[in-house]
Amino acid sequence: MNKLPLALLVLLVAFATARADIGPPPGKKIIPVTTVVEVTDSFPDYAFFEISWSSTPGPPPHGGASRSVTLHFFVPGSSIKDTGARRSGSRLYAVPTSVAEKLGWKGFAADAAKNSPTAHSTVSAGDEQWFELARSINAGEVPGAIAIPFGTTEEAPTNDTRTAITVEYRVVRTPAGVEFVRPDELTPTGTCGERAEGGNTESESTIPWRWIVAGGAASAALVLGGVWFARRQFRRPSTQPVA
């Protein structure tokens with residue numbers, strides 16, 4: 001029997017088990033965060049898109065992770081909101097239109113402009129390039145682009161009486177482009193890479209590494225054992241006779 005498929009199977013099972021429903025560390029709980037974004041003006045020079053992710057415990061086909069892209073076409077006076085959950089969340093991006101047009105934004109915007117009456121609209125996009133653009137923005141590699149957590153969660157002590165958190169932003173014009181600003185603040189917040197209060201800056205990765213570590217040595221040992229076994233199979237010399 002070929003040892004390689006077996007080694008990979010053991011590794012995958014170990015990883016899936018470690019990713020199972022571990023939960024937050026002792027003394028902590030997860031509070032869902034609802035993010036509200038309001039747009040009062042027109043921003044034709046900026047494109048807005050959202051990266052969402054979610055995961056389900058267990059191996060495929062019933063378990064696993066998924067992600068999606070939603071393009072947002074705002075009109076003055078519109079707003080959007082999203083609420084995060086333990087295994088799902090999203091991030092909202094604003095990028096100069098000149099950058100988004102390289103990914104087909106102009107055609108999507110033209111279709112959105114046909115809506116009557118004019119209202120905020122969304123379009124799903126499946127192009128991998130949007131994920132690559134999001135990674136570049138997160139890394140600070142796209143001038144003028146920003147991002148904020150949009151529907152996430154917050155880890156808090158179990159004695160925290162809150163059961164939900166709401167965070168509000170407004171899109172405003174700045175000398176550098178646009179910013180997501182708290183309505184009660186005069187200075188912009190939520191620029192790319194910053195931690196916004198009441199949310200987090202996790203990427204679309206769905207693996208709760210900090211919970212796996214806090215879950216105890218058993219899960220970690222299982223994963224490491226799977227890795228060791230797989231590497232051993234790779235290194236073991238073949239016993240098949242040479243023709």
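The model you are looking at is predicted, so local features need a pLDDT of at least 70 and side-chain atom pairs count only at pLDDT 80 or more, while totals for chains, interfaces and linings use all residues. Residues are numbered from 1 along each chain as its sequence is written, and side-chain values use heavy atoms, with hydrogens and water left out.

With that in hand, take the overall picture. The chain has six helices and 10 strands; these are DSSP runs numbered from the N terminus, with helices being H or I of at least four residues and strands being E of at least two. Of its 243 residues, 37% count as buried. The chain exposes about 13600 Å², and 57% of that comes from carbon and sulfur atoms, with areas computed by the Shrake-Rupley method with a 1.4 Å probe, where for residues only the protein chains shown count as cover. Among contacts (heavy atoms within 4.5 Å) with a separation of 6 or more, 80% join residues 24 or more positions apart.

Now to the charged side chains. Side chains of opposite charge can pair when their charged atoms come close. Here a salt bridge means a side-chain nitrogen of Lys or Arg within 4 Å of a carboxyl oxygen of Asp or Glu, and the structure holds eight of them.

One of these joins Glu38 to Arg170, with 3.1 Å between the closest N and O atoms. Glu38 belongs to strand β1 (residues 28-39) and Arg170 to strand β9 (residues 165-174), so this pair ties together parts that are 132 residues apart in sequence. Glu38 is partly exposed at 28% relative accessibility, and Arg170 is partly exposed at 30%.

Arg135 and Glu132 both sit in helix α4 (residues 128-138), three residues apart, or about one turn of the helix. Their side chains meet in a salt bridge at 2.6 Å, N to O. Arg135 is partly exposed at 34%, as is Glu132 at 42%. Both take part in a network of salt bridges that also links Arg67 and Glu128.

Finally, visit Asp111, which forms a salt bridge with Lys114, the closest N and O atoms lying 3.7 Å apart. Asp111 is partly exposed at 46% relative accessibility, whereas Lys114 is exposed, with a relative accessible area of 64%.

How values were computed. Buried < 20%, exposed > 50% of the residue type's maximum accessible area, 1.4 Å probe, protein only.
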